[in-house]
Amino acid sequence: DWIILSGHRPFMSSDQDEYDQHNPNGPFMTILGPMLLQYHVDLVLTGHMHMYERIFPYPPDNSTVPGTTNVFKNPSSPVYLVMGSGGCFIHETLMEPAPAWSANRQQKYGYARLQFTNKPQPTMHFEFRLTEENKVGDEMWIIKDKSTGQPTIVHQKP
């Protein structure tokens, strides 16, 4: 089973203008963050900021498959996506350098594509599709592999 929470305001975002509200110590994470862990939320999908940003599983865990920055195996924390890149485009002022928890951020028009498979193990594949370039701008996998043994190998596009 997959649990996806969707809402308007992001829990976390590296946009400078509202960073006090959308950071690991901000009100969303402080008040609602423990519930996301309690109910094993896999993905938090929000908007509001007129940009795209993918946040590593937070709080940090050891789920990132070695050699990748976008494949997560049995994460104990949700991945956060800010998908505010489909409508009115405003150039956001981003924190520089990017916080360590920010995996990818782009100020381009785009949309999300999610695919779910069950074999060989339950996997969610997410793509941030760039509208104007008609290509993948970012992607990630969440793998629910309860077996023991070698890490799952997933093709990672450059």
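Asn 74 lies in the loop between E4 and E5, where helices (H or I, at least four residues) and strands (E, at least two) are DSSP runs, numbered from the N terminus. Its phi is near 50°, a positive value in a residue other than glycine. At 29% relative accessibility, Asn 74 counts as partly exposed; buried means under 20% relative accessible area, exposed over 50%, and partly exposed in between, with a 1.4 Å probe and protein chains only. This is a predicted model, in which local features need pLDDT of at least 70 and side-chain atom pairs count only at pLDDT 80 or more, while totals for chains, interfaces and linings use all residues. Residues are numbered from 1 along each chain as its sequence is written, and side-chain values use heavy atoms, with hydrogens and water left out.

The chain as a whole contains 1 helix and 9 strands. Read from the N terminus, the elements follow the order β-α-β-β-β-β-β-β-β-β. The radius of gyration of the chain is 15 Å, close to the 15 Å that the globule rule gives for 158 residues, so the chain is as compact as a globular protein of that length. That radius is taken over C-alpha atoms, and the globule rule is 2.2 Å times the number of residues to the power 0.38. The C-alpha trace spans about 45 × 40 × 25 Å along its principal axes. Of the 158 residues in the chain, 45% are buried. Among the contacts with a separation of 6 or more, 61% come from residues 24 or more positions apart, contact meaning heavy atoms within 4.5 Å. The chain exposes about 8500 Å², of which carbon and sulfur atoms supply 54%; accessible areas come from the Shrake-Rupley method with a 1.4 Å probe, and for residues only the protein chains shown count as cover.

Two strands pair if DSSP finds at least two bridges between them.

E7 pairs with strand E8 (residues 123-130) in the antiparallel sense over 8 bridges. Thr 117 has Thr 123 in E8 as its bridge partner, and Arg 113 stands opposite Glu 127 in E8. A hairpin of 5 residues joins E7 to E8. Pro 120 is found in the loop between these strands, and a cis peptide bond with omega of about 5° joins Lys 119 and Pro 120.

In E8, 8 of the 8 residues are buried, so this strand is largely enclosed by the rest of the structure. Both of its faces are covered: Thr 123, His 125, Glu 127 and Arg 129 are buried on one side, and Met 124, Phe 126, Phe 128 and Leu 130 on the other.

E8 is also joined to strand E9 (residues 135-143), again by 8 bridges and with the strands running antiparallel. The bridge partner of His 125 in E9 is Trp 141. The hairpin of E8 and E9 has 4 residues between the strands, and within it Asn 134 takes a positive phi near 55°. Asn 134 counts as exposed at 59% relative accessibility.

Gly 137 is found in strand E9 and is partly exposed, with a relative accessible area of 23%. From Glu 127 it is 10 residues away in sequence and 7.5 Å away in space, C-alpha to C-alpha. Leaving aside neighbours within four places in sequence, Gly 137 is in contact with Asn 104, Gln 106, Phe 128 and Leu 130.

Ser 14 is found in the loop between strand E1 (4-6) and helix H1 (27-38), and at 0% relative accessibility it counts as buried. Its side chain makes a polar contact with the side chain of Glu 53 at 2.7 Å. A polar contact is a pair of N or O atoms within 3.5 Å; within protein, one must be able to donate a hydrogen and the other to accept it, and residues adjacent in sequence count only if both atoms are side-chain atoms. Leaving aside neighbours within four places in sequence, the residues in contact with Ser 14 include Tyr 19, Thr 93, Trp 101 and Arg 105. Pro 97 is found in the loop between strand E5 (79-83) and strand E6 (102-106), and a cis peptide bond with omega of about -5° joins Glu 96 to Pro 97.
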